[in-house]
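Q: Hi! Could you walk me through this model in plain words?
A: Happy to. Here it is, and then we can go piece by piece.

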Number of protein chains: 2
Amino acid sequence: MKKTKKVRQSELIKKIEDNPFVTDDELAKFFDVSVQTIRLDRMELSIPELRERIKSVAEQTFEDEVRSLPIDEVIGEIIDVELDDYAISIFDVQKEHVFQRNSIARGHHLFAQANSLAVALINDDLALTAKAAIEFCKPVHSGQRVVSKARAVRTDGRRTTVEVTSSVGKEVVFKGEFEMYRSSEKGGE
Amino acid sequence: MKKTKKVRQSELIKKIEDNPFVTDDELAKFFDVSVQTIRLDRMELSIPELRERIKSVAEQTFEDEVRSLPIDEVIGEIIDVELDDYAISIFDVQKEHVFQRNSIARGHHLFAQANSLAVALINDDLALTAKAAIEFCKPVHSGQRVVSKARAVRTDGRRTTVEVTSSVGKEVVFKGEFEMYRSSEKGGE
DNA sequence: CTACTATTAGTACCAAGTGTTAGTATCGGA
DNA sequence: TCCGATACTAACACTTGGTACTAATAGTAG
């Protein structure tokens, strides 16, 4: 027994959401109805054709002008940011971030905090780190809170230099100069 | 005067990279040549047709949706090490290591691989990174395998300089010079 | 002049559709 | 039982943005 129209249509929605790359033909075979029926269903549900679906998915990535980075991709928590100017984040060092032997935070976590802060600072949807010169000034231990401050010091075309200083209390634990590369020139999104 | 074939083709590459949504027809008008010429150019440069371009852009975004994970403890797998001399590790870039937007590996993962390799290289139970100068030479994408090679280039008291080069295939993607600090002088484990 | 390259033109074909019209099947109700 | 609505299928013409191929032409170098 074939599914009813209602059932088919609601499954169709899921099917297409799940995989927008599916053609009417494939759907017709899947639901064992004619291609025309699928087309009618799409009409009724106002689901655009394959190419339009794909295009809109592609456009999202490509033309989305919003900000550099979804917030959940940042290591540490950003507490203040003024794009292309400065940004601040905090990062609480936990047991999983330290060496078992000496409970000193592993360098790459401090680097990651600073690096993602530098990325988040750049007002562009494609920001990459080109170079960095960093210094680990003092060991950081489990339980400490690292406050990282980033400041864009100069921009030359697509390259922006960001200075990052991380501290625990008043003590500087990490310093870094990041040369960031952006996809378009400053302001010219 | 029309541009030469070479000039046109190199501009064509940029044009399409800049906006993959452009049709042959638009390109033909832009360069004031026939559509066939544009097609021949694409053939020679093996640039896929509009739909394929859009599709691949869409596929990238779609595949990377809904994924974001905290960084792991194990950064790469060490496959060879000669203490205080050299070390090699491999790191397979997965979806969770890249930016959702553009599928480029986030810098701190490459740093983490290199940094932990430098740490592992030092024949001491307290090895810390003091400074580092790093360079991200080429973007790394999901699915690629990064091979990192570290070599101790000089030791001065408690400080050892380690040079790390990471490659995907034959292409260098990351270079770094790490100044490592150890708790005791060389040989004193 | 000939050989060769670059370019243009034209044809047939394809995928994955749209839009339209027409025909069939089936069920529910007066 | 017949009527009509709903669902489905079919057929045809047309669209976009191409591929693949062939043929013709213009210009230039040897």
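Q: Let's start in chain B: how many bridges pair strand S4 with S5(B)?
A: Strand S4 (residues 145-156) of chain B pairs with S5(B) over nine bridges, in the antiparallel sense. Strands here are DSSP runs of E with at least two residues, helices are runs of H or I with at least four, and both are numbered from the N terminus. Two strands pair if DSSP finds at least two bridges between them.

Q: Before we go on, what kind of model is this?
A: It is a predicted model, where local features need pLDDT of at least 70 and side-chain atom pairs count only at pLDDT 80 or more, while totals for chains, interfaces and linings use all residues. Residues are numbered from 1 along each chain as its sequence is written, chains are lettered from A and ligands numbered from 1 in the order in which they are written, and side-chain values use heavy atoms, with hydrogens and water left out.

Q: Thanks. Back to that pair: which residue in S5(B) stands opposite Ser148(B)?
A: That is Ser166(B).

Q: And what sits between the two strands?
A: S4(B) and S5(B) form a hairpin with two residues between them, and Gly157(B) in the turn has a positive phi of about 65°.

Q: What does S5(B) pair with on the S6 side, and in which sense?
A: S5(B) is joined by 10 bridges to strand S6 (residues 171-182) of chain B, and the two run antiparallel. Thr161(B) stands opposite Glu179(B) in S6(B). This is a hairpin too, with two residues between the strands, and Gly169(B) takes a positive phi near 65°.

Q: Is strand S5 of chain B mostly covered or mostly open?
A: Mostly covered: seven of the 10 residues in strand S5 (residues 159-168) of chain B are buried. Buried means under 20% relative accessible area, exposed over 50%, and partly exposed in between, using a 1.4 Å probe and protein chains only.

Q: Switching to chain A. What's the overall layout?
A: Chain A has five helices and six strands. Along the sequence they follow the pattern α-α-α-α-β-β-α-β-β-β-β. Of its 189 residues, 45% count as buried.

Q: What share of its contacts join residues at least 24 apart?
A: Counting contacts between residues at least 6 apart in sequence, 63% join residues at least 24 apart. A contact means heavy atoms within 4.5 Å.

Q: What does strand S2 of chain A pair with?
A: On one side there is strand S1 (residues 77-82) of chain A, which five bridges join to S2(A) in an antiparallel arrangement. Glu82(A) has Tyr86(A) as its bridge partner there. S1(A) and S2(A) form a hairpin with three residues between them, and Asp84(A) in the turn has a positive phi of about 65°. S2(A) also pairs with strand S4 (residues 145-156) of chain A, antiparallel over seven bridges.

Q: Is S2 itself covered or open?
A: Strand S2 (residues 86-92) of chain A is mostly covered, with five of seven residues buried.
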